[in-house]
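Please keep the sequence and the coordinates in view while reading.

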Amino acid sequence: MPGYLIADIEITDLDMYDEYRKVVPATIEKYGGEYIIRGGTAEALEGDWNPKRIVVLKFESLDKAKEWYNSEEYQAILRLRTNASNGNAIMVETP
């Protein structure tokens with residue numbers, strides 16, 4: 001069953017976030033992941049959610065998504081994102 005990472009990111013330091021964007025794709029690809037959504041315009045339809053930058057990654061399984069997130073490669077660059085943005089992220093497994 002596919003596993004997805006869904007994040008809503010508010011960039012606070014564009015230069016540092018750009019450094020993160022340069023290096024993160026290789027880590028995602030190494031674990032078989034792919035971008036489904038990477039930014040773009042979001043429009044809230046219900047509730048009070050005001051998304052900033054939506055990112056959706058797809059992996060072959062939730063275990064593979066967790067393996068990527070917890071990998072040495074990703075953990076080595078995670079601080080770039082957390083220092084350059086605020087956000088929320090979840091992982092979802094679909095049938």
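## R81 and the basis of the model

R81 has a relative accessibility of 15% and therefore counts as buried, where buried stands for under 20% relative accessible area, exposed for over 50% and partly exposed for the range in between, with a 1.4 Å probe and protein chains only. The residue is placed in helix α3; helices (H or I, at least four residues) and strands (E, at least two) are DSSP runs, numbered from the N terminus. When its neighbours within four places in sequence are left aside, R81 is in contact with I9, Y17, Y20, Y69 and Y74, contact meaning heavy atoms within 4.5 Å. R81 and V55, 26 residues apart in sequence, lie 13 Å apart in space from C-alpha to C-alpha.

The model is predicted, so that local features need pLDDT of at least 70 and side-chain atom pairs count only at pLDDT 80 or more, while totals for chains, interfaces and linings use all residues. Residues are numbered from 1 along each chain as its sequence is written, and side-chain values use heavy atoms, with hydrogens and water left out.

## The four-stranded sheet

Four strands form an open sheet in the order β2-β3-β1-β4, with antiparallel pairing; two strands are taken to pair if DSSP finds at least two bridges between them. The edge strands are β2 and β4, each of which pairs on one side only. On average, and with direction ignored, neighbouring strands of this sheet are turned by 20° against each other, where axes are lines fitted to C-alpha atoms, for helices over the stretch in contact, and angles run from 0 to 180 degrees between N-to-C directions.

Strand β3 is mostly covered, since six of its seven residues are buried. Its antiparallel pairing with β1 runs over seven bridges, and its antiparallel pairing with β2 (residues 34-38) over four bridges. L57 in β3 is the bridge partner of L5 and also the bridge partner of Y35, while V56 in β3 is the bridge partner of I6.

## Helices on the sheet

Helix α2 packs on the sheet, where it touches β1, β3 and β4, and its direction makes about 150° with that of β4. Helix α3 packs on the sheet as well, touching β1 and β4, with its direction at about 125° to that of β4.

The buried residues of α2, which spans residues 62-69, are L62, A65 and W68. Because these residues cover an arc of only 120° around the axis, they lie on the same side of α2, the arc being that of the directions from the helix axis to the C-beta atoms. The elements against which they pack are β1 (3-11), α1 (14-30), β3 (53-59), α3 (72-84) and β4 (85-93).

## The α1 and α3 pair

Helices α1 and α3 pack with their axes 9 Å apart and at an angle of about 150°. This angle makes α1 roughly antiparallel to α3, given that angles under 35 degrees count as roughly parallel, over 145 as roughly antiparallel, 65 to 115 as roughly perpendicular and the rest as oblique.

A65 lies in helix α2 and counts as buried because its relative accessibility is 0%. Apart from its neighbours within four places in sequence, A65 is in contact with F59 and M91.

From C-alpha to C-alpha, N70 and I36 are 20 Å apart in space and 34 residues apart in sequence.
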